[in-house]
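Please walk through this model with the sequence at hand.

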Amino acid sequence: MPPSLQHDTTKDRIYQKLRRSIILGEYHPGQKLPLEELADNYQTSVTPVREALQMLAQEDLVTSKPHSGFSVTRVTLKELKDLLELREILELAAVERAAAQISVKQIEELKVVHGDMPESDQERYERSVIENRKFHTLIAQASGNQELAEMLGKVHDKLARFFVFVHSASGVQERHQRLISALRTHQVDLARETMQQEIKETEEITLQRVIEEDGTSWYLGAHSEQPEENPRNLS
């Protein structure tokens, strides 16, 4: 294998492993990600590790600061609520447009997004997040607006750590079946109402789980730069 291709393969492998670990909570918000330590863990040089972390920084999963290195991004409650609001705006715009023009082929693609769930809890959580992102970006693509689809995909990437809590429940596939039924009939109002219901359910579960169970890890105060000693300051 040419050295350049081998380097890209190593970088992508590290990126995927780190991304999975962050989303599943194996690395906590604010936790440092030392280059040398990670390079030792992955038995490689620091270069592909640094590049993988830079890729994660583009998704806002990792933060890079001069003289401080890389760490897992911390999110305030305000930032989380803003992301959820942005997601709602994009999802509703996408589903309205998609309902009016979605094709039979696109409906079939939505129907096969969800596969059989693996037995392992962690694998189920990971798979459900991936499949949920794919499902919603397919709807956005059916709207005919590729920029909308790409922006929605990026929002889902930023919310992936939080949606793990939501998609551990089996109800996601049932919600998606309701959406498919609404889209198949090309009833815009029904599709919008169904999407709105899913968004509301998702948002309620996300905020409840983050505040009640993960307040010790997430800094949910007014400013992400505040010290970690007050993780439950929800002002």
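Phe70 sits in strand β2 of this predicted model. Is Phe70 buried or exposed? Its relative accessible area is 9%. Buried means under 20%, so Phe70 counts as buried.

What does Phe70 touch beyond the residues up to four places away in sequence? One group of contacts is Gln31, Lys32, Leu33 and Leu35, among others. Phe70 also touches Arg50, Leu53 and Gln54. Val62, Thr63 and Ser64 are on the list too. Take Arg50 as an example. In sequence, 20 residues separate Arg50 from Phe70. In space, their C-alpha atoms are 8.8 Å apart.

Now the strands. β2 covers residues 69-72 and pairs with β1, residues 62-65. The two run antiparallel, joined by four bridges. Together β1 and β2 form a hairpin, with three residues between them. His67 lies in the turn and has a positive phi of about 70 degrees.

Next, the helices. Helix α2 spans residues 35-42, and helix α3 spans residues 46-58. They pack at an angle of about 110 degrees, with axes 9 Å apart. Angles of 65 to 115 degrees count as roughly perpendicular, so α2 is roughly perpendicular to α3. Their crossing is right-handed.

Which residues make the contact between α2 and α3? From α2 come Leu35, Glu36, Leu38 and Ala39. From α3 come Val46, Val49, Arg50 and Leu53. Six of these contact residues are nonpolar, two are charged and none is polar. Leu35, Arg50 and Leu53 belong to this helix contact; Leu35, Arg50 and Leu53 also touch Phe70.

Terms used: Residues numbered from 1 in each chain as written. Predicted model: local features only at pLDDT ≥ 70, side-chain atom pairs only at ≥ 80, totals over all residues. Heavy atoms only, no water. Pairing = 2+ DSSP bridges. Axes fitted to C-alpha atoms, helices over the stretch in contact; angles between N-to-C directions. Parallel < 35°, antiparallel > 145°, perpendicular 65-115°, else oblique. Left-handed = near helix turned anticlockwise from the far one by under 90°. Contact = heavy atoms within 4.5 Å. Nonpolar A, V, L, I, M, F, W, Y, C, P; charged D, E, K, R; others polar. Buried < 20%, exposed > 50% of the residue type's maximum accessible area, 1.4 Å probe, protein only.
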